[in-house]
Amino acid sequence: MKLQTTDRVRGIAATLEEEIVLGWLMPRERLVEEDLAERLDVKRHVVREALAELERVGLVERVPNRGAFVKLLEPLEVRQIYSVREALETLAAEQIPFPAPDRLLTQLQQIQDAHSAAVSSGDARAAFRANMIFHEALFAACGNPHLVELIQAMAQKVHGARSITAASAEYLALARDEHLGMIEAIKAGDRAGLVALCRKHLGPSRDAYIAAVEPRFARSNALKEGRPITATRK
């Protein structure tokens, strides 16, 4: 029974995480345990434990006397985490053995076929899942499980920053094309090209999120400090 509850908590946490990434649960949105339990058809304590798990990884924050909310990441924090991600992910790309074994190329192509199909059909949730599996397989090929663990942890910390782009047809198509480029670089033994693509791949979600929230933080800081608010030009 305990194992079933643990699995259920993980499943609910994964579902809520996807909804945060896809922008279906927005930053600063309140997460009401009773409402979520009813919508997801689980006991309230399962939701509570799932929210605690998401709080642990930095996707949810609890405000005293107000409850749980989707965490709104500060632009500086996003820049810092993405800087770490770039260092880790390019390091992994540099360590993938070349020439790559056929089984790796076959695995990546099969995963990407599923991702491409999801992008074509506009299924953002399936695209998100396939995207996760693609990167797990890609970086696992470096052969260093400790590096892979760090990559996954850093990526999860900024899942909320992907809410601007994760369900966008334009950005999904761009991600698809870059995945295909990574596979071609591996086939060709083009190490520099693979590393460059891994670095470039991080930019769109980071930049879109910062552009969306930075004016909000600037206004908030100006109000706190009593400074006049300058209108943002578009």
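Trainee: Where is Leu73 found?

Mentor: Keeping in mind that this is a predicted model, Leu73 is found in the loop between β3 and α4, the latter covering residues 75-95.

Trainee: Why does Leu73 count as buried?

Mentor: Buried means under 20% relative accessible area, and Leu73 has a relative accessibility of 3%, so Leu73 counts as buried.

Trainee: What makes Glu33 and Arg48 a salt bridge?

Mentor: The distance from N to O between their side chains is 3.3 Å, and the cut-off is within 4 Å, so the pair qualifies. Glu33 lies in helix α2 (residues 33-40) and Arg48 in helix α3 (residues 44-56), so this pair ties together parts that are 15 residues apart in sequence.

Trainee: Are these two partners buried or partly exposed?

Mentor: Glu33 counts as buried because its relative accessibility is 13%, whereas Arg48, at 38% relative accessibility, counts as partly exposed. The limits used here are under 20% for buried and over 50% for exposed, with partly exposed in between.

Trainee: How many salt bridges does a search of the whole structure find?

Mentor: The search finds 15 salt bridges. Among them, Arg62 and Glu55 meet through their side chains at 3.3 Å, N to O, with Arg62 partly exposed at 35% relative accessibility and Glu55 partly exposed at 32%. Another pairs Arg206 with Asp207, whose closest N and O atoms are 2.8 Å apart. There is also a network of salt bridges that links Glu18, Glu19, Arg39, Arg125 and Arg129.

Trainee: What makes the phi of Arg28 worth noting, and where does Arg28 lie?

Mentor: Phi of Arg28 is near 75 degrees, a positive value in a residue other than glycine, and Arg28 lies in the loop between α1 and β1 (30-31). Asp41 likewise has a positive phi, near 60 degrees, and its place is in the loop between α2 and α3.

Trainee: Why is Asp41 called exposed while Arg28 is called partly exposed?

Mentor: Asp41 has 66% relative accessibility, and exposed means over 50%, so Asp41 counts as exposed. Arg28 has a relative accessible area of 42%, which lies between the 20% and 50% limits, so Arg28 is partly exposed.

Trainee: Which residues form the positive surface patch?

Mentor: The patch is formed by Arg28, Arg30, Arg66 and Arg216, and Arg66 is found in the loop between β2 (60-63) and β3 (67-70).

Trainee: What makes the peptide bond from Phe98 to Pro99 cis?

Mentor: The omega of that bond is near -5 degrees, and the bond is cis; Pro99 is found in the loop between α4 and α5 (102-121).

Definitions and conventions
Residues numbered from 1 in each chain as written. Predicted model: local features only at pLDDT ≥ 70, side-chain atom pairs only at ≥ 80, totals over all residues. Heavy atoms only, no water. Patch = residues over 30% accessible without salt bridge, like charges linked within 9 Å, V, L, I, M, F, W, Y side chains within 5 Å. Areas by Shrake-Rupley, 256 points an atom, 1.4 Å probe, with all protein chains shown as cover. Lys, Arg positive; Asp, Glu negative; His and termini not counted. Charge placed at Lys NZ, Arg CZ, Asp CG, Glu CD. Helix = DSSP H or I, 4+ residues; strand = E, 2+ residues; numbered from the N terminus. Buried < 20%, exposed > 50% of the residue type's maximum accessible area, 1.4 Å probe, protein only.
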